[in-house]
Structure formats: structure tokens, C-alpha cells
Amino acid sequence: MADNTGDSLGWYSSRERTLIPLDERFRYPRSLQRVLNQERFTVAVNRDFEAVIEGCADRETTWISAELKDIYRSLHAAGWAHSFETWQGDELAGGILGLAIGGAFIGESMFFRIPDGSKVAMVKLVERLRDRQFVLFDAQMMNPHLERFGAHIIGSRQYNTLLKQALKRQCSLE
């Protein structure tokens, strides 16, 4: 993570991790179900990875520095970093930037340009992770938005157990 000046990167770890559930605990508002039923969005993986990096970094205060963008690009070229995107026609509506390692998806950031774009991305990504037998969806830090989807916090011991299980799998987003 870059510091607030963007001049240096640091490694941060927490004793607690926030997971998005890949089971029946995952939930979302009824109003979002109406949006999903309207099928206004399509989803894609890595269709415009660069635009998702830029969308995630486009904030008043961002932890995604120029150096970190280059690292994500290198990880993407190596097959580790991915963008899960929602599209409305030819317009990028929103997306989630993350790392897929074995059966673990580590969400780095998300954004939207069109209302509900990132929420639909979250629902569709969870469906995809379930279909492809991923073990965990690590959102790293809790916030009220993620809590609405059933996100929950676990301790480092439980996280490490799940991560070990996930690393034994060979899963793919595509």
C-alpha cells in the first residue's frame, strides 16, 4: 500500500481479515435484485484491466500509487492480478481489482462509474467464485458497504487455515 504522499510503499497486515462469504451468508439488498433482474449490465474478466486500475485509483485520497499500478500491471502480465468488470453496452460501469492465488481471491479495490456497477460486480464475482470452487474471497478491511453483503471478520488463525486450503486448489476466474 502506498503512503498518503504516494512516495513509498509499505507492507500492511492485520490480525483480522474481512471475508465476503461464498456461502448462504452472502446477501444483498432487494433493490439490487431488481437491478440484476433487469440485466442492464454484462460482466467480463480482464477486458480492460488498465481502466479498472485507473478507476480504483481515481479518488481524492488513494493508496494506489504510480509504483503500485506498475506492480499490478506486472502481476496481471504474470496471470495473478485480474479485473472483474461490469459493462453497460460499451461503457465500463464498475469493477473489482484483485489477485487470484489458487482458490483465494484477494480483493484490492473496487469502483463504479455507473450507479450499481460495482454492486452488480460484487454479486456476479461471488457467483463466479462459487462456480469455480474458490475457498475464500478476502476483502481485507471491513466497511459499511461490504457489511451489507454479509462480510464478516475472522482472526488470523482462522484466516491462515482457510488460506492454506485455498492454496491447495487450482482455480481460475476465466
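The model is predicted, so local features need pLDDT of at least 70 and side-chain atom pairs count only at pLDDT 80 or more, while totals for chains, interfaces and linings use all residues. Residues are numbered from 1 along each chain as its sequence is written, and side-chain values use heavy atoms, with hydrogens and water left out.

Let us begin with the sheet. Helices (H or I, at least four residues) and strands (E, at least two) are DSSP runs, numbered from the N terminus. Two strands pair if DSSP finds at least two bridges between them. Seven strands form an open sheet: 7 strands in the order 2-3-4-5-6-1-7, with mixed pairing. Strand 2 and strand 7 (152-155) stand at the edges with a single partner strand each, so one side of each has no neighbour in the sheet. From one strand to the next, the twist averages 35°. For a closer look at one pairing, find strand 5 and strand 6, which run in the parallel sense and share 3 bridges. There, Ala 104 stands opposite Leu 136 of strand 6.

Axes are lines fitted to C-alpha atoms, for helices over the stretch in contact (heavy atoms within 4.5 Å). Angles run from 0 to 180 degrees between N-to-C directions. Helix 2 packs on the sheet and touches strand 3, strand 4 and strand 5, with its direction at about 95° to that of strand 4. Helix 3 lies across strand 3, strand 4 and strand 5 and runs at about 95° to strand 3.

How many residues of helix 2 are buried? Buried means under 20% relative accessible area, exposed means over 50%, and partly exposed is in between (1.4 Å probe, protein chains only). In helix 2 (residues 49-57), 7 of the 9 residues are buried, among them Phe 49, Val 52 and Ile 53. Their cover includes helix 3 (66-77), strand 3 (81-88), strand 4 (91-101) and strand 5 (104-112).

Now look for the nonpolar cores. In soluble globular proteins, nonpolar side chains tend to be buried together. A nonpolar core is a set of buried Ala, Val, Leu, Ile, Met, Phe, Trp, Tyr and Cys residues joined through side-chain atoms within 4.5 Å. The largest one has 30 residues, and those touching the most other members include Ile 20, Met 122 and Phe 134. Helix 1, strand 4, strand 5, helix 4 and strand 6 each give two or more residues to this core, and helix 4 gives the most, with 7 residues. A second, separate core of 23 residues includes Val 52, Ile 53, Leu 92 and Phe 111.

Beyond neighbours within four places in sequence, the contacts of Arg 17 include Gln 140, His 152 and Tyr 159.

Most residues other than glycine have a negative phi. Glu 39, which is not a glycine, has a positive phi of about 50°. Glu 39 sits in the loop between helix 1 (30-38) and strand 2 (42-45) and is exposed, with a relative accessible area of 66%. Gln 140 also has a positive phi, near 70°. Gln 140 belongs to strand 6 (residues 136-140) and counts as partly exposed, at 23% relative accessibility.
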